[in-house]
Amino acid sequence: MDGTASLLTVAIVAAALVVRAALAELRDPGSTRARWAFASGTRAVTAGAVTAVVLGFVGWQHAGPGAVAWAVLAGALVAVVADRNPPGG
């Protein structure tokens, strides 16, 4: 897979996550704030940032700059998982 296709795939995944959050907000106002509460948690943000930096560094060396976008996406997903207070449901 070339770099352009890889970046496009990351953009599509990120757009899907944003659309999902927007649809959830339309169905239940205020739900997105609860889902994105992890962004204010030090533990979750630190875990996500460390993951993004490490994967970005390793990925850049092995696969070039396109891997950095994947590293950022992985860091965001790790931050969601590392959150101590996940949203209910």
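These notebook entries record what I looked up in a predicted model of one chain.

**Ground rules.** I number residues from 1 along each chain as its sequence is written, and I leave hydrogens and water out, using heavy atoms for side-chain values.

**Whole chain.** I find 4 helices and 0 strands, taking these as DSSP runs numbered from the N terminus (helices H or I, at least four residues; strands E, at least two). Of the 89 residues, 24% count as buried, meaning under 20% relative accessible area with a 1.4 Å probe, protein chains only. The accessible surface, from the Shrake-Rupley method with a 1.4 Å probe, comes to about 6,200 Å², and 70% of it belongs to carbon and sulfur atoms.

**Ser31.** I place Ser31 in helix 2 (residues 31-35), and Ser31 counts as buried because its relative accessibility is 15%. A polar atom of the Ser31 side chain lies 2.9 Å from the backbone oxygen of Asp28, and one lies 3.1 Å from the backbone oxygen of Ala24. Leaving aside residues up to four places away in sequence, I note that Ser31 touches Ala24 and Glu25, where contact means heavy atoms within 4.5 Å.

**Helix 4.** I checked the length of helix 4 (residues 66-82): its 17 residues should span 24 Å at 1.5 Å a residue, and its end C-alpha atoms are 25 Å apart, which agrees; the expected span is 1.5 Å times one less than the number of residues. Among the buried residues of helix 4 I list Gly66, Leu73 and Ala82.

Terms used: Predicted model: local features only at pLDDT ≥ 70, side-chain atom pairs only at ≥ 80, totals over all residues. Buried < 20%, exposed > 50% of the residue type's maximum accessible area, 1.4 Å probe, protein only. Polar contact = N/O pair within 3.5 Å; in protein donor to acceptor, adjacent residues only side chain to side chain.
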